[in-house]
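Q: Could you take a close look at one part of this model for me, the place where the two chains meet? I'd like to know what holds together there, piece by piece.

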Amino acid sequence: MRQSRVIPGFGLTLGLVLLMLTLIVLLPLAALALKAAGVGPRAFLVVATSPRTLAALRLSFGTAFVAALMNSGVGLLVAWVLVRYRFPGRALIDAAIDLPFALPTAVAGIALAAVYAPNGLLGHWFAAIGIKTAFNPTGITLALIFIGLPFVVRTVQPVLLEIEREAEEASALLGAGPIRTFVRVILPAILPALITGFALAFARGVGEYGSVIFIAGNIPMVSEITPLLIVIKLEEFDYGGAAVIGLVMLAISFSLLLVIHLIEATTRKAYGHG
Amino acid sequence: MVDTTSADPMRETIVWRKEDQRPSLGASAPLRAGLIVLALLSLSAVLVLPLMVVFGSVFTAGFPLVIEVLSEPDTLAALRLTLLVAAICVPVNGAVGLAAAWAVTKFDFRGKTFLMVLIDVPFSVSPVVAGLVYVLLFGAQGLMGPFLQLHGITIIFAVPGIVLATLFVTFSFVARELIPVMRSHGRQDEEAALSLGASGWTTFWRVTLPKAKWGLLYGLLLCNARAMGEFGAVSVVSGHIRGLTNTLPLQVEVLYNEYQFKASFIVASLLACLALVTLFLKSIVEHCGRMTEASFSKPHKE
């Protein structure tokens, strides 16, 4: 650490950040931990392992995982098309990718329900072939695909732009087909970014509420996501129960993100562009 | 260039994307066309169609109903509250974001990485949990509930709670966008200005801000969109009191749950307009950011 700094304002800026961080984020989160611990170990276990809680957790993490996985595929495709190909309307599409960041989640929720409900715009086509795209876990996954897509596209896009084209050209000249070139040359280079995008979409999906509740159907044990269960506990004035579920959900999220972070770091070491 | 592939999974960096004009090798024309069509189809199913449904329903509702819904006292009260919340949260989190970016990019100190992880925490916390923590802290049964009741202060089911919950969910937005941009600019310019006798504030206003302003605006834009559109966190702390603690997104839900679908979609379309304006401004800011980066185009490697 340097003793004499030329640039001023260290104490002021760091102080402000730490103050606000403590007041707005850390103290309230500490209150959550305190309240959850306050119910006692037995009650904690009863709430955390009740069938309804477990079903909600399974549903939230499961649908978020599937949606993030599908977003990795679709997002990679979209990023690839936007970076590599020129077609009319490309700039407009590029701007539209960020719609889920800009559109309030409640609006997204009622709009997605209108599209994918059994009498909806696309929903009735799916219903005709016997696929239910709303009011069940499929509907939840659809909403989470909407919410998570820009995370994958926006993390992969800059990396695709940075890739050295020479390696691909060499691969093609040496006789590799497009699929082989993609799998052996391009995919390793973008894999760390793809995993980052997956993690962001997953993290957002697990906690997502507004866009999901309108399309989920909210049937206990079947299509009731964890955030909704917390809201229900609060409406029943079961603050302790809500705190326990909230804490369990946070703990699982952070552990999973840590694991994904480790996987990503390993991939970066193995193939990465640093 | 900014480190676009930062090792931290929670760091999604914006970078002023440069265009690559080279044609793509190795993919035949049919494959290329197929991929483009596939991408466009999935985008329309996921992004475009829902947006069209919102605006389409406004057209089918008809102009008189639109005017009627938008001029209802409850809608206007919700609009006012939404604007008020954004007017508080955006400047506060803008200032915090600037301070965070200054501290993190201009200084080396122990625990910097940890601080950056903490700044990102609100981003990966469910909005519902963001609301829940304030209920547990300030609610009637909360840790500070008895104290607040004694002094006649209401935070939960009132405007202060809505502001706090929104501050929580938008906490990281400005910092997340500013840090990569300001880090890529290095510290030399500031050090030069200071050694030439400029004060700290002058250096900030004349040297740092002109270079970072587009990154800052980008962050403020995203922060504002989220502050006006936040649903989960606000829904938990608001209590849904019509005309008092309903923001526009909550009004959408209230109308929807009362089966007033047309009215609900009309209010939703107001928010969808906000989203379109945000996207439009964002494109402009991105464009200007690219131009600014190009004009400061001395090669800065990290």
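A: Let's start with the charged pair: Lys282(B) forms a salt bridge with Asp98(A), and their closest N and O atoms are 2.4 Å apart. (A salt bridge here is a side-chain nitrogen of Lys or Arg within 4 Å of a carboxyl oxygen of Asp or Glu.) The rule finds one salt bridge across the interface of chain A and chain B.

Before going on, some ground rules. This is a predicted model, where local features need pLDDT of at least 70 and side-chain atom pairs count only at pLDDT 80 or more, while totals for chains, interfaces and linings use all residues. Residues are numbered from 1 along each chain as its sequence is written, chains are lettered from A and ligands numbered from 1 in the order in which they are written, and side-chain values use heavy atoms, with hydrogens and water left out.

Back to the interface. Across it, the rule also finds six residue pairs in polar contact, both residues at pLDDT 80 or more. (That's a pair of N or O atoms within 3.5 Å; within protein, one must be able to donate a hydrogen and the other to accept it, and residues adjacent in sequence count only if both atoms are side-chain atoms.) On the side of chain A that touches chain B, the largest share, 18 residues, comes from helix α1 (residues 10-38) of chain A. (Helices are DSSP runs of H or I, at least four residues, numbered from the N terminus.) That side of chain A divides into 74 nonpolar, 10 polar and 16 charged residues. (Nonpolar covers Ala, Val, Leu, Ile, Met, Phe, Trp, Tyr, Cys and Pro; charged is Asp, Glu, Lys and Arg; the others, Gly among them, are polar.)

As for the totals, 100 residues of chain A are in contact with 102 residues of chain B, contact meaning heavy atoms within 4.5 Å. Together the two chains bury about 9100 Å², with 76% of it on carbon and sulfur atoms. (Buried area is the accessible area, with a 1.4 Å probe, that two parts lose on being put together, summed over both.)

Arg84(A) counts as buried because its relative accessibility is 4%, the cut-off for buried being under 20% relative accessible area (1.4 Å probe, protein chains only). The side chain of Arg84(A) makes a polar contact with the side chain of Glu168(A), at 2.9 Å.

How values were computed
Helix = DSSP H or I, 4+ residues; strand = E, 2+ residues; numbered from the N terminus. Buried < 20%, exposed > 50% of the residue type's maximum accessible area, 1.4 Å probe, protein only.
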